[in-house]
2 protein chains.
Amino acid sequence: MNRPAPGSELLRKPFPAELLFSLRERFGERVTTSATVCEHHGKDESAHPIAPPDAVVFPETSEEVSAIVRLCGKYGAPVIAFGVGSSVEGHVLAIHGGVSVDMSRMNRVLEVNVDDLDTTVQAGVTRKQLNQDLHGTGLFFPIDPGADATLGGMAATRASGTNAVRYGTMKENVLGLTVVLADGQEIRTGGRARKSSAGYDLTRLFVGSEGTLGILTEITLRLYPQPEAVSAAICMFPSVDAAVRTVIQTIQLGVPIARCELLDALTIQAVNRNSKLGLREAPMLLCEFHGTQASVEEQAQTVQEIAKELGGMDFQWATKQEERTRLWQARHDAYLACRRLRPNNRAFSTDVCVPISRLAECISETNEDIAKASMPIALFGHVGDGNFHLVVLVDPDNPAEAEEADTLNRRVVMRALRMGGTCTGEHGVGLGKLDYLDAEHGPAVAVMAAIKHTLDPHNLLNPGKIIR
Amino acid sequence: MNRPAPGSELLRKPFPAELLFSLRERFGERVTTSATVCEHHGKDESAHPIAPPDAVVFPETSEEVSAIVRLCGKYGAPVIAFGVGSSVEGHVLAIHGGVSVDMSRMNRVLEVNVDDLDTTVQAGVTRKQLNQDLHGTGLFFPIDPGADATLGGMAATRASGTNAVRYGTMKENVLGLTVVLADGQEIRTGGRARKSSAGYDLTRLFVGSEGTLGILTEITLRLYPQPEAVSAAICMFPSVDAAVRTVIQTIQLGVPIARCELLDALTIQAVNRNSKLGLREAPMLLCEFHGTQASVEEQAQTVQEIAKELGGMDFQWATKQEERTRLWQARHDAYLACRRLRPNNRAFSTDVCVPISRLAECISETNEDIAKASMPIALFGHVGDGNFHLVVLVDPDNPAEAEEADTLNRRVVMRALRMGGTCTGEHGVGLGKLDYLDAEHGPAVAVMAAIKHTLDPHNLLNPGKIIR
């Protein structure tokens with residue numbers, strides 16, 4: 001299914017033999033040009049055609065990343081940081097060839113400061129690995145994109161997930177970074193203090209820069225105390241609109257809800273089939289409450305009352321850990337479950353986020369698009385933030401469907417922008433949102449390009465992503 | 001007391017008559033070169049010697065700011081944005097002369113979106129004005145530095161205050177900006193969506209840039225629902241150490257405390273004298289809890305138990321609004337109250353912030369410095385964030401005292417940096433922290449300088465601040 005895009009070879013310069021020689025000299029068997037490995041590093045979860053790098057290197061330290069970047073700079077070869085390849089906008093594709101820097105061996109949790117609620121990890125540590133490592137400390141790291149992504153990849157794409165409504169995104173939770181710049185120099189940004197007014201916020205500049213301004217090698221993260229009590233609740237609604245209105249009222253009342261997810265009827269059907277849940281196939285809200293026992297009960301009570309007034313049905317509690325885990329696993333698997341609705345499909349995911357007052361309207365207009373579409377489309381999302389996804393299932397052998405999906409995406413993005421929203425709530429720009437970045441930010445994109453040119457004058461760091 | 005620093009005239013180029021003519025042509029009586037007005041715009045709350053601009057202009061719109069910047073660019077004159085002059089590191093001082101852009105007429109609240117919990121204001125709106133404007137909406141804006149600063153100034157210095165432990169700093173609460181760049185071009189950054197992964201985070205780059213990368217003209221801010229219940233509590237402690245340990249345990253337990261302030265015995269003495277409060281002259285914690293009635297009681301109960309175990313005395317509730325307002329006004333006036341301890345002083349304020357596990361140690365070592373000092377020094381701060389201030393009262397006619405204060409500041413900053421902290425938690429760099437920025441961020445400062453050079457190649461935007 002994933003073959004090089006026609007003409008993509010034109011973007012590539014021949015890979016310098018001296019560079020490969022120098023990399024081998026320094027990294028030995030930790031350099032490979034194996035076709036299988038390179039192909040694996042030339043694709044992600046998106047529908048973009050595969051674009052393998054010329055070589056893959058597996059560094060173990062920030063210093064080694066620095067050495068790779070210096071060598072690539074010497075020979076003018078692109079450098080692309082690679083986590084687990086779970087990005088969905090083509091972020092890791094080596095469209096100009098070059099060297100993929102696989103962070104999987106940089107997987108050490110360097111320190112956990114329980115008293116300060118922070119940790120420093122190498123960029124290749126995944127979110128699940130970190131939380132396993134934190135077991136027994138009473139702390140956890142809340143950001144949870146669908147995949148078990150690396151924390152480096154999550155920082156690089158400004159990822160979020162289901163907990164963002166309460167705990168924020170990677171933007172709010174990265175305290176500091178070690179970054180290897182385009183010239184191979186290593187810098188540290190931010191620090192462990194909870195707040196600082198000391199100079200430009202380079203940390204936030206690198207968070208979300210998708211490997212185009214520097215390679216993140218170490219990340220200092222905020223941690224949170226495990227809540228004393230957690231409870232989850234599900235509620236079915238007569239319409240997506242009623243579900244969304246419940247969320248809006250909840251947020252406006254200031255209920256400190258921890259997670260608040262919407263799954264539409266088709267998603268529930270997919271999830272039922274995939275995880276054998278037996279839920280009513282109607283729009284559903286899945287909420288979670290964190291706090292003390294008393295506050296958790298109070299929050300859930302408030303949400304239940306709001307839901308009831310808006311026609312909510314089948315309100316159910318999940319207080320036991322296993323029950324909760326099962327529901328949330330189903331939610332995390334929603335993307336894959338939806339893909340299974342149509343075998344051999346190529347999935348295309350939208351990612352708009354709008355001010356919450358426009359969310360019901362945005363979803364309602366989008367549902368009219370879905371009704372007219374010729375392929376199955378599931379809708380779910382982090383509605384507490386105003387962020388939702390469509391998973392459009394496209395037949396890869398039918399170019400008309402790819403075009404239809406593209407048109408649909410454009411309609412959804414332009415609708416979100418018209419409503420004061422963004423083309424991407426959490427997936428990033430990569431290759432897929434380049435046009436929309438212009439539509440969203442206009443002349444500010446030139447400022448981004450100027451910064452890119454200053455920090456990476458030879459355009460070697462993940463070229464072609466974010467900035468054309 | 002504030003006279004131009006010897007030699008500071010050397011930094012100035014003569015002010016071009018054509019520029020003044022052009023400004024007058026466009027802005028008429030909204031341009032002035034009056035010595036009184038220029039002097040007022042050439043000083044702030046810091047002890048830095050006065051450095052007046054050559055002219056002051058009072059724009060009313062973003063477009064007018066753009067016109068001023070274009071004209072200054074044409075004639076190579078510096079441009080310094082001016083809010084209310086409450087900065088404490090010399091941020092607004094026109095050390096190279098030029099034009100001060102007084103934002104006081106840009107004082108319109110442009111929109112309040114109650115359903116989305118956001119607002120867009122002109123940069124000259126002050127925090128108190130905004131909260132008065134929000135009266136009746138059920139919403140409020142929590143960030144509260146001591147002064148009634150403008151929101152533009154607060155964004156430019158990445159300000160915070162007493163509520164940061166719960167609601168974050170300006171970094172977390174600015175959603176988007178309108179910025180006039182060095183070439184006069186206006187851009188918009190960020191947006192009203194609660195999260196976005198669309199490109200580099202220019203919003204966070206401008207927040208905290210102290211007018212050196214662009215002039216903030218409009219600001220979109222996050223608002224919060226007024227909590228259903230608020231209660232404040234005070235508790236006296238046998239030592240600063242016991243008070244700090246209470247805070248640390250509170251944070252580590254995940255109590256969502258809204259405000260948590262420490263005042264040392266000397267500060268209490270000053271506050272008693274200033275506000276006639278009659279408090280025991282011992283280290284005091286002043287806490288505030290926001291939430292539902294039940295959760296507020298639960299939080300306060302938890303903190304009281306922790307305090308008791310650590311020797312806390314005189315635990316008192318302030319549930320009535322007037323009582324709370326009186327206590328918090330006293331806290332906000334602490335800086336001025338301390339200054340009144342020694343008439344005709346010049347006050348010098350430190351601003352370090354450390355990881356909370358090091359806070360007790362940092363304050364304890366600092367108290368040893370205070371004990372040895374020849375002048376009165378008060379200590380208070382936002383200890384929930386690890387941030388505290390010393391107010392050092394210096395006799396302006398005694399150069400030895402200024403030197404002693406400077407040495408003390410250096411000791412405190414270097415101690416904080418050694419403990420993984422920052423030289424400035426909320427005041428900013430301005431002129432006063434230039435050396436310490438290098439000490440804190442090392443080679444990353446060169447990256448900041450490169451960005452400054454890219455966005456302001458002729459060094460006309462607030463020159464000499466943050467970047468030398």
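Modeller: Let me begin with a definition: a crossing of two helices is left-handed if the near helix is turned anticlockwise from the far one by less than a right angle, and right-handed if clockwise. Helices (H or I, at least four residues) and strands (E, at least two) are taken as DSSP runs and numbered from the N terminus. The model is a predicted one, in which local features need pLDDT of at least 70 and side-chain atom pairs count only at pLDDT 80 or more, while totals for chains, interfaces and linings use all residues. Residues are numbered from 1 along each chain as its sequence is written, and chains are lettered from A and ligands numbered from 1 in the order in which they are written.

Colleague: In which sense does H1(A) pass H3(A), right-handed or left-handed?

Modeller: Axes here are lines fitted to C-alpha atoms, for helices over the stretch in contact, and angles run from 0 to 180 degrees between N-to-C directions. Angles under 35 degrees count as roughly parallel, over 145 as roughly antiparallel, 65 to 115 as roughly perpendicular and the rest as oblique. Two residues are in contact if their C-beta atoms, placed from the backbone, lie within 7 Å. As for classes, Ala, Val, Leu, Ile, Met, Phe, Trp, Tyr, Cys and Pro count as nonpolar, Asp, Glu, Lys and Arg as charged, and the others, Gly among them, as polar. In chain A, helix H1 (residues 17–27) packs against helix H3 (residues 62–75) at about 160 degrees, with the axes 10 Å apart, and H1(A) is therefore roughly antiparallel to H3(A). The crossing of H1(A) with H3(A) is right-handed. H1(A) brings A:Glu18, A:Leu19, A:Ser22, A:Leu23 and A:Arg26 to this contact, and H3(A) brings A:Ala67, A:Leu71, A:Cys72 and A:Tyr75; by class these are six nonpolar, one polar and two charged residues.

Colleague: At roughly what angle do the axes of H14 and H15 of chain A cross?

Modeller: Helix H14 (residues 359–372) and helix H15 (residues 399–418) of chain A cross at roughly 160 degrees, and their axes come within 11 Å; H14(A) and H15(A) are therefore roughly antiparallel to each other. Their crossing is right-handed. The residues that make this contact are A:Cys362, A:Glu365, A:Thr366 and A:Asp369 from H14(A), together with A:Leu408, A:Arg411, A:Val412, A:Arg415 and A:Ala416 from H15(A), and they divide into four nonpolar, one polar and four charged.

Colleague: Turning to sheets, in what order do the seven strands of the open sheet of chain A lie?

Modeller: Strands of a sheet pair through backbone hydrogen bonds, either parallel or antiparallel. Here two strands are said to pair if DSSP finds at least two bridges between them. The seven strands form an open, antiparallel sheet of chain A in the order S15-S12-S14-S13-S17-S18-S16. At its edges stand strand S15 (313–318) and strand S16 (346–349) of chain A, each with a single partner strand, so one side of each has no neighbour in the sheet. Within the sheet, strand S12 (residues 229–236) and strand S14 (residues 284–291) of chain A pair antiparallel over eight bridges, and A:Ala229 has A:Gly291 in S14(A) as its bridge partner. Helix H10 (residues 265–275) of chain A lies across strand S13 (259–263), S14 and strand S17 (377–382) of chain A, and runs at about 95 degrees to S17(A).

Colleague: What rotation superposes chain A on chain B?

Modeller: Two copies of a chain are related by a rotation about an axis and a shift along it. Copies are superposed by least squares on the C-alpha atoms of residues with pLDDT of at least 70 in both. For chain A and chain B the rotation is 180 degrees, with 0.0 Å of shift along its axis and an RMSD of 0.0 Å, which is the relation of a two-fold axis. The same surface serves both copies, since 100% of the contact residues of chain A recur in chain B.

Colleague: How many residues does the contact take from chain A and from chain B?

Modeller: The contact takes 73 residues from chain A and 73 residues from chain B. H17(A) gives seven residues, the largest share of the side of chain A that touches chain B, and by class that side has 29 nonpolar, 28 polar and 16 charged residues. Helix H11 (residues 293–309) of chain B and H11(A) have axes that come within 10 Å and cross at roughly 165 degrees, and H11(A) is therefore roughly antiparallel to H11(B). This crossing, in which H11(A) passes H11(B), is left-handed. There A:Ala294, A:Ser295 and A:Glu298 of H11(A) meet B:Ala294, B:Ser295 and B:Glu298 of H11(B), a contact of two nonpolar, two polar and two charged residues.
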